[in-house]
Amino acid sequence: MAVGIAISKTEEGVQYNGRITWLVLLSSIVAATGGLIFGYDTGVTGGVTSMEPFLKEFFPGVYRKMKRDSDISNYCKFDSQLLTTFTSSLYIAGLIASFFASPVTRALGRRASILIGGVSFIGGAALGGTARNIYMLIVGRILLGIGVGFTNQSVPLYLSEMAPPKYRGAFNIGFQLCVSIGALSAFLINYGTEKIAGGWGWRISLSMAAVPASILTVGGIFLPETPNSLIQHGHDIQTAKTMLKRIRGTDDVEAEFTDLLTASEASRKVERPFRKILERKYRPQLVMSIAIPFFQQVTGINVIAFYAPILFRTIGSGVSDSLLSSVIIAVVGTITTVLSMAIVDKLGRRALFHIGGVLMFVPQVMIGGVMAAKLGDRGGLSEGYSVLVLILICVYVAGFSVSWGPLGWLVTSEIFPLEIRSAAQSINVAVGFFFIFAVAQTFLAMLCRMKAAIFFFFAAWVAVMSGFVYVLLPETKDIPIEKMDAIWRKHWFWKRYVNGGENEFEGIKIEMMKTVTSS
């Protein structure tokens, strides 16, 4: 059974037949829950580290400084390398795991990586919830990192390969939507568990991470493999073609299947994809696999994602008020991610990047101005200014959630040719994790030293990345994933690097058309 409407002609003049089938829809929903585990962990960390019983048990130095040292600056109350190590250890583990995920995804398929990630995350949640010392806590975080390393590498690829080209943006943003829902769930659970008498509510918060991981793991057992992946790791051509017919809801898939075979043949000739991506003709993909995740992290979003409760406590809010503010922010992020999903395939990627850039830049400058003028080293903001900061943060989060949040995953999952796709996505995920780690590890120290100026620092990066997109990133809307090389050949800057590979691609395609015809 199929739903939706027939896919129209793409901008590259290629007619891919098919509809949005129930198989694609349900499979994508299950796979996108990989975003739940990433979002939940991101959201739960900041809330737990603002809970006094948790700090008292595992970070007594921070607890004493917060409760007893009245001379310390508002901006420096939570400055602890051990506390930031708890937060950031997950991301260094994810960085390393993403490189192991690449050969697994390439050799065994996207589903295998998804299952490994789910199982590892369940183990990490169990350790974190039952932790009796800092070592159990850190080991649990490392297992969580392995989980998100595998899922972040494989889920965006799975979604982009399963989705029809016309709706690829909306399907892929399902991952970011699940990230937002996961973070919102974490904030709500933190808000509830903080009120539990006895001070053990943080254990529930950490243990509940196993719920989305279990959904992903159980659901992952029944996921079909993508036709791209079936061809890539040596399955019979007819098996892959049958799967393509099932997910497109039509028997007329010759045009798309020919392009899949062409891309697969090029991929099969590549033995060392990490070396291959260094070749001149892949220069735009290499640059984007590094620049986009870097820019995504220096938007400053993880200042909000990890440390929103701590940030609100810095400006004078109580624990419950700071957690409630985080819930409000997460609701705004979730709603605007849904908006992005609805309009990304209509307005295009570049337009949303530009809209988001404005919505992030202005609030950050204003927040920095308010805190510089009204928040000193002692005391807190008045109620009116606290509400203003909350509103500005919501506008900023809306800008991120409609642009760099979902598009950072979408664009990097759709621009890589099959022969370097797993390697490039691993670089993309690893760079992202490295800079998440860097931000998480340094933010509290930066807040202590830079104070309100930290918001001007991130605003400057938003201006830089907006210019980067305007100049160097072409539009990818409506273009089939295996025809994406055309956008670089037409780009005023990148065409000087990639035009040499066009004849090679066309030669392979002719051979593949002969193969399809003979079969």
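**Briefing on the structure**

Helix α19 is the main contributor to the nonpolar patch, giving three residues. This is a predicted model, in which local features need pLDDT of at least 70, side-chain atom pairs count only at pLDDT 80 or more, and totals for chains, interfaces and linings use all residues. Residues are numbered from 1 along each chain as its sequence is written, and side-chain values use heavy atoms, with hydrogens and water left out.

**The nonpolar surface patch**

- The patch consists of Leu347, Ile355, Leu359, Val387, Ile391 and Val395, which together have about 460 Å² of accessible area.
- Patches are made of residues with over 30% relative accessible area and no salt bridge; like charges are joined within 9 Å, and nonpolar side chains (Val, Leu, Ile, Met, Phe, Trp, Tyr) within 5 Å.
- Accessible areas come from the Shrake-Rupley method with a 1.4 Å probe, and for residues only the protein chains shown count as cover.
- At least two residues of the patch come from each of α18 (349-374) and α19 (383-402).
- Val395 has its place in helix α19 and counts as partly exposed because its relative accessibility is 33%.
- Buried means under 20% relative accessible area, exposed means over 50%, and partly exposed lies in between (1.4 Å probe, protein chains only).

**The chain and the confidence of the model**

- The secondary structure of the protein chain comprises 25 helices and two strands; helices (H or I, at least four residues) and strands (E, at least two) are DSSP runs, numbered from the N terminus.
- The protein chain has 519 residues, of which 62% count as buried.
- Among the contacts in the protein chain with a separation of 6 or more, 82% are between residues 24 or more positions apart; contact means heavy atoms within 4.5 Å.
- The average pLDDT of the protein chain is 83, and 85% of the residues score at least 70; pLDDT is the predictor's confidence in each residue, from 0 to 100.
- Residues 1-11 have a pLDDT under 50, and the model gives them 33 contacts beyond four places in sequence.
- Residues 504-512 also have a pLDDT below 50, with 16 contacts in the model beyond near neighbours in sequence.

**The nonpolar core and buried residues**

- The largest nonpolar core has 123 residues, and Phe54, Phe59, Met288 and Trp404 touch the most other members.
- Helix α21 (residues 418-450) supplies the largest share of this core, with eleven residues.
- A nonpolar core is a set of buried Ala, Val, Leu, Ile, Met, Phe, Trp, Tyr and Cys residues joined through side-chain atoms within 4.5 Å.
- In soluble globular proteins, nonpolar side chains tend to be buried together.
- Beyond four places in sequence, the contacts of Phe59 are Phe54, Leu82, Leu83, Phe86 and Ile134.
- Ser27 is placed in helix α1 (residues 22-32) and is buried, since its relative accessible area is 5%.
- With residues up to four places away in sequence left out, Ser27 touches Tyr158, Met162, Leu223 and Pro224.
- Arg421 is placed in helix α21 and counts as buried because its relative accessibility is 0%.
- With residues up to four places away in sequence left out, Arg421 touches Arg110, Leu157, Glu161, Asn228, Phe416, Ile481 and Glu482.
- The C-alpha atoms of Arg421 and Thr105 are 9.9 Å apart, although the two residues are 316 residues apart in sequence.

**Salt bridges**

- The whole structure contains twelve salt bridges; a salt bridge is a side-chain nitrogen of Lys or Arg within 4 Å of a carboxyl oxygen of Asp or Glu.
- One of them joins Glu414 and Arg168, with the closest N and O atoms 2.7 Å apart.
- This pair connects distant parts of the chain, 246 residues apart, with Glu414 in helix α20 (residues 404-414) and Arg168 in helix α8 (residues 168-193).
- Glu414 also forms a salt bridge with Arg349, with the closest N and O atoms 3.0 Å apart.
- Because Glu414 lies in helix α20 and Arg349 in helix α18, this pair ties together parts that are 65 residues apart in sequence.
- Arg168, Asp345, Arg349 and Glu414 belong to one network, joined by salt bridges that share partners.
- Glu256 and Arg248 meet through their side chains in a salt bridge (3.0 Å, N to O).
- Glu256 is buried, with a relative accessible area of 9%, and Arg248 counts as buried at 1% relative accessibility.
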